[in-house]
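Q: Could you take me through this structure feature by feature, giving the general idea and then the particular case?

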Amino acid sequence: MSQRLPQALEDYLRYHRIQGSTEATVKFYAKELRLFLNDLDPACQAVADLNSRHVLNHLAAMKERELKPRSIRTRCQAIKTWLNWCVEWNLIESSPAAKIKAPKVPRTRKPFISEKQFSALLELCPLNTFAGARRQAMLWMMATTGIRRNEMWMLEKKDLDWDASTIREIHGKGQKERKIPFDRRCQLAMLRYIQQRSDTLDWLWVTEEGVRLGYDGIWKDLRRIADRAGVALQDTCHIFRRTFAANAVRQNIPRPYVKAVAGWSTMQMLDLYVEAMEAEEGAIEAFREFKPFRK
């Protein structure tokens, strides 16, 4: 008898944990795949009961719920990856999603944050208040390190090496430990924030009440000041990572160094960020003297 769907999902999540996947990755698959299982016909109980119609119906249901194309594509990839795993583990002979292509995502401009916008955000973070000091520390850390949101959220106070001016990061993709430069401006902002704390928690980011800041707390904190400053942050945290990488290369820091600090395994994303910024700024500069007609 074929394995039942809930058990197959739990085994898949357990497999990820054994392989060393981050908890964020495990939670992602758990959430997306449970949504898929919830959409299934009640008669579909086992892995062997799945067919391509079930996958297509789920994609259609997400479109009816008006999910963004990128979200639908991400969920489709999660399902395909799980079903491929089911094939590898001999739970089914072939994947019912093998011939289903992930939906196309319209190419949209990925914005960068300017120095003027960054200054506008800092102005709304008074250092004589707990929230202001914490927000300044967050802004400087993202701007000077390009750290991912989950990586930043998982930091503990002991990960900050003040003497060596480095940040120890062990929660990135692939669980690879790396050292990140701890910039002087980031250190000063962090010192002001830590001086405001009266708790004894090990976690780096806490609330004024002395409890750990929730995972969405970083995003919400920055969104509040961005809205007040009139700064449009399409992807509130990742925009800093993109800007950090592109600016570092444009300031002649060798690409392998930028890749190592940001925690990428390949140059692909770094090259995309740099090319996007250079093309955008170069095009604007080139067209300053443009005339629509020669005469």
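Q: Which residues of helix 6 meet helix 9?
A: In this predicted model, Arg134, Arg135, Met138, Leu139 and Met142 in helix 6 meet Ile218, Asp221, Leu222, Arg224 and Ile225 in helix 9, where contact means heavy atoms within 4.5 Å. By class, this contact has six nonpolar, no polar and four charged residues; Ala, Val, Leu, Ile, Met, Phe, Trp, Tyr, Cys and Pro count as nonpolar, Asp, Glu, Lys and Arg as charged, and the others, Gly among them, as polar. Residues are numbered from 1 along each chain as its sequence is written, and side-chain values use heavy atoms, with hydrogens and water left out. Because the model is predicted, local features need pLDDT of at least 70 and side-chain atom pairs count only at pLDDT 80 or more, whereas totals for chains, interfaces and linings use all residues.

Q: How are the axes of helix 6 and helix 9 arranged?
A: Two packed helices are described by the angle between their axes and the distance between the axes. Here the axes of helix 6 and helix 9 come within 11 Å and cross at roughly 100°, the axes being lines fitted to C-alpha atoms, for helices over the stretch in contact, with angles that run from 0 to 180 degrees between N-to-C directions. Helix 6 and helix 9 are therefore roughly perpendicular to each other; angles under 35 degrees count as roughly parallel, over 145 as roughly antiparallel, 65 to 115 as roughly perpendicular and the rest as oblique. Helices (H or I, at least four residues) and strands (E, at least two) are DSSP runs, numbered from the N terminus.

Q: At what angle do helix 6 and helix 8 cross?
A: The axes of helix 6 (residues 130–145) and helix 8 (residues 184–195) come within 8 Å and cross at roughly 155°, and these two helices are therefore roughly antiparallel to each other. Their crossing is left-handed, a term used if the near helix is turned anticlockwise from the far one by less than a right angle, with right-handed used if clockwise. The contact involves, on helix 6, Phe130, Ala133, Arg134, Gln136, Ala137, Trp140, Met141 and Thr144, and, on helix 8, Arg185, Cys186, Ala189, Met190, Arg192 and Tyr193. Sorted by class, the contact of helix 6 with helix 8 has nine nonpolar, two polar and three charged residues.

Q: How many aromatic pairs does a search of the whole structure find?
A: A pair of aromatic rings is described by the distance of the centres and the angle of the planes. The search finds twelve aromatic pairs; rings of Phe, Tyr and Trp (its six-membered ring) pair if their centres lie within 6.5 Å, and planes under 30 degrees apart count as stacked, over 60 as edge-to-face and the rest as tilted. One of these is formed by Trp153 and Tyr215, whose ring centres are 5.3 Å apart and whose planes lie at 80°, so the pair is edge-to-face. Since Trp153 lies in helix 7 (residues 149–153) and Tyr215 in helix 9 (residues 215–229), the pair ties together parts that are 62 residues apart in sequence. Trp153 is buried, with a relative accessible area of 15%, while Tyr215, at 31% relative accessibility, counts as partly exposed; buried means under 20% relative accessible area, exposed over 50%, and partly exposed in between (1.4 Å probe, protein chains only).

Q: Is the pair of Tyr193 and Trp205 stacked or edge-to-face?
A: The pair of Tyr193 and Trp205 is stacked, with 5.4 Å centre to centre and 20° between the planes. Tyr193 lies in helix 8 and Trp205 in the loop between helix 8 and helix 9, so this pair ties together parts that are twelve residues apart in sequence. Both Tyr193 and Trp205 are buried. Elsewhere, ring pairs link Tyr12, Tyr15, Phe28, Tyr29, Trp85 and Trp89 into a cluster.

Q: Where is Glu66 found, and what phi does Glu66 have?
A: Most residues other than glycine have a negative phi, and most peptide bonds are trans. Glu66, found in the loop between helix 3 and helix 4 (69–88), has a positive phi of about 65° although it is not a glycine, and Glu66 is exposed, with a relative accessible area of 70%. Asn90, in the loop between helix 4 and helix 5 (115–123), has a positive phi of about 60° and counts as exposed at 68% relative accessibility.
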